[in-house]
Amino acid sequence: MILIVDDNEDLRGLLEIALKEVGFRVETAVDGVDAYNHLSSEDCRCMLLDINMPRINGIELLMLMQSEGLKVPTILMAGHGDYAEDEVLAIENVKAFLPKPFSIQDLVDAIQKHARIF
(Lines give C-alpha, C1' and ligand atoms only; values in the text may rest on other atoms or scores of the structure.)
Protein backbone atom coordinates (compact mmCIF):
# COMPACT_ATOMS: atom_id res chain seq x y z
CA MET A 1 0.00 0.00 0.00
CA ILE A 2 1.12 3.54 -0.77
CA LEU A 3 0.12 6.09 1.88
CA ILE A 4 -0.53 9.63 0.65
CA VAL A 5 -0.35 12.23 3.43
CA ASP A 6 -1.38 15.76 2.51
CA ASP A 7 -3.79 18.24 4.08
CA ASN A 8 -4.79 19.56 0.64
CA GLU A 9 -7.89 17.56 -0.24
CA ASP A 10 -7.72 18.32 -3.97
CA LEU A 11 -4.07 17.26 -4.31
CA ARG A 12 -4.58 14.20 -2.13
CA GLY A 13 -7.54 13.11 -4.29
CA LEU A 14 -5.68 13.74 -7.54
CA LEU A 15 -2.67 11.71 -6.40
CA GLU A 16 -4.91 8.90 -5.17
CA ILE A 17 -6.70 8.64 -8.52
CA ALA A 18 -3.48 8.84 -10.53
CA LEU A 19 -1.68 6.18 -8.48
CA LYS A 20 -4.66 3.83 -8.53
CA GLU A 21 -4.81 4.18 -12.32
CA VAL A 22 -1.25 2.86 -12.62
CA GLY A 23 -2.02 -0.06 -10.34
CA PHE A 24 -1.00 0.94 -6.82
CA ARG A 25 -3.11 0.17 -3.76
CA VAL A 26 -3.52 3.55 -2.04
CA GLU A 27 -4.66 4.88 1.33
CA THR A 28 -4.80 8.55 2.30
CA ALA A 29 -4.28 10.60 5.45
CA VAL A 30 -5.06 14.26 6.10
CA ASP A 31 -2.18 15.00 8.49
CA GLY A 32 0.59 13.43 10.55
CA VAL A 33 -1.74 12.15 13.27
CA ASP A 34 -3.94 10.38 10.73
CA ALA A 35 -0.85 9.03 8.95
CA TYR A 36 0.64 7.67 12.17
CA ASN A 37 -2.55 5.70 12.80
CA HIS A 38 -2.27 4.17 9.30
CA LEU A 39 1.42 3.37 9.76
CA SER A 40 0.89 1.52 13.01
CA SER A 41 -1.82 -0.70 11.56
CA GLU A 42 -1.22 -1.02 7.81
CA ASP A 43 1.25 -2.69 5.48
CA CYS A 44 2.81 0.43 3.99
CA ARG A 45 5.42 0.03 1.25
CA CYS A 46 5.96 3.76 0.71
CA MET A 47 4.68 7.03 2.10
CA LEU A 48 4.20 10.25 0.11
CA LEU A 49 4.44 12.92 2.77
CA ASP A 50 3.70 16.62 2.64
CA ILE A 51 5.87 18.62 5.01
CA ASN A 52 3.57 21.53 5.90
CA MET A 53 0.45 20.20 7.64
CA PRO A 54 -1.55 20.94 10.80
CA ARG A 55 -1.36 18.98 14.08
CA ILE A 56 1.78 16.92 13.30
CA ASN A 57 3.74 18.13 10.26
CA GLY A 58 5.79 15.87 8.02
CA ILE A 59 9.11 16.46 9.78
CA GLU A 60 7.57 15.84 13.20
CA LEU A 61 6.00 12.61 11.92
CA LEU A 62 9.37 11.43 10.61
CA MET A 63 11.00 12.17 13.97
CA LEU A 64 8.24 10.27 15.79
CA MET A 65 8.65 7.33 13.41
CA GLN A 66 12.41 7.36 13.96
CA SER A 67 12.01 7.36 17.75
CA GLU A 68 9.70 4.35 17.54
CA GLY A 69 11.70 2.43 14.95
CA LEU A 70 9.04 2.67 12.22
CA LYS A 71 10.86 2.31 8.92
CA VAL A 72 8.83 3.29 5.86
CA PRO A 73 10.48 4.57 2.68
CA THR A 74 9.27 8.15 2.38
CA ILE A 75 9.02 10.57 -0.51
CA LEU A 76 8.68 14.12 0.80
CA MET A 77 6.58 16.68 -1.04
CA ALA A 78 6.78 20.41 -0.36
CA GLY A 79 6.30 23.75 -2.03
CA HIS A 80 9.34 24.73 -4.07
CA GLY A 81 11.82 26.59 -1.90
CA ASP A 82 10.19 25.63 1.42
CA TYR A 83 13.02 23.28 2.38
CA ALA A 84 16.53 22.52 1.19
CA GLU A 85 16.65 19.14 -0.54
CA ASP A 86 19.93 18.09 1.07
CA GLU A 87 18.52 18.80 4.56
CA VAL A 88 15.41 16.67 4.14
CA LEU A 89 17.24 13.83 2.38
CA ALA A 90 19.45 13.52 5.47
CA ILE A 91 16.42 12.48 7.58
CA GLU A 92 16.14 8.75 8.22
CA ASN A 93 13.71 6.95 5.84
CA VAL A 94 13.52 9.90 3.39
CA LYS A 95 14.40 8.49 -0.01
CA ALA A 96 13.39 11.33 -2.34
CA PHE A 97 12.22 14.93 -2.32
CA LEU A 98 9.73 16.24 -4.87
CA PRO A 99 9.16 19.99 -4.90
CA LYS A 100 5.59 20.91 -5.83
CA PRO A 101 4.45 20.98 -8.54
CA PHE A 102 5.81 17.68 -9.86
CA SER A 103 4.71 15.33 -12.62
CA ILE A 104 2.84 12.13 -11.90
CA GLN A 105 5.51 10.29 -13.89
CA ASP A 106 8.25 11.64 -11.60
CA LEU A 107 6.21 10.48 -8.62
CA VAL A 108 5.61 7.00 -10.07
CA ASP A 109 9.31 6.69 -10.91
CA ALA A 110 10.26 7.63 -7.34
CA ILE A 111 7.78 5.12 -5.88
CA GLN A 112 9.03 2.34 -8.13
CA LYS A 113 12.61 3.12 -7.18
CA HIS A 114 12.14 3.42 -3.43
CA ALA A 115 9.10 1.39 -2.33
CA ARG A 116 9.77 -1.70 -0.24
CA ILE A 117 9.34 -4.87 -2.25
CA PHE A 118 8.04 -7.81 -0.25
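**View 1. Asn93 is a buried residue, with a relative accessible area of 10%.** Buried means under 20% relative accessible area, exposed means over 50%, and partly exposed lies in between, for a 1.4 Å probe and protein chains only. This is a predicted model, in which local features need pLDDT of at least 70, side-chain atom pairs count only at pLDDT 80 or more, and totals for chains, interfaces and linings use all residues. Residues are numbered from 1 along each chain as its sequence is written, and side-chain values use heavy atoms, with hydrogens and water left out. Asn93 belongs to the loop between α4 (85–89) and β5; helices (H or I, at least four residues) and strands (E, at least two) are DSSP runs, numbered from the N terminus. Although Asn93 is not a glycine, its phi is positive, near 80 degrees.

**View 2. Arg55 is found in the loop between β3 and α3.** Its phi is positive, about 60 degrees, although Arg55 is not a glycine. Arg55 counts as exposed because its relative accessibility is 60%.

**View 3. The largest nonpolar core contains 20 residues.** Such a core is a set of buried Ala, Val, Leu, Ile, Met, Phe, Trp, Tyr and Cys residues joined through side-chain atoms within 4.5 Å. Leu3, Val5, Met47 and Leu49 touch the most other members. Two or more residues come from each of β1 (2–5), α2 (32–39), β3 (46–50), α3 (58–68), β4 (74–79) and β5 (94–100). The most are given by α3, with 3 residues. Apart from this core lies another, of 19 residues, among them Leu15, Phe24, Met77 and Val108.

**View 4. Helices α2 and α3 cross at roughly 30 degrees, and their axes come within 10 Å.** Axes are lines fitted to C-alpha atoms, for helices over the stretch in contact, and angles run from 0 to 180 degrees between N-to-C directions. The two helices, α2 and α3, are therefore roughly parallel to each other; angles under 35 degrees count as roughly parallel, over 145 as roughly antiparallel, 65 to 115 as roughly perpendicular and the rest as oblique. Gly32, Ala35, Tyr36 and Leu39 in α2 meet Leu61, Leu64, Met65 and Glu68 in α3, where contact means heavy atoms within 4.5 Å.

**View 5. The peptide bond from Lys100 to Pro101 is cis.** Omega of this bond is near -5 degrees. Pro101 is placed in the loop between β5 and α5 (104–114).
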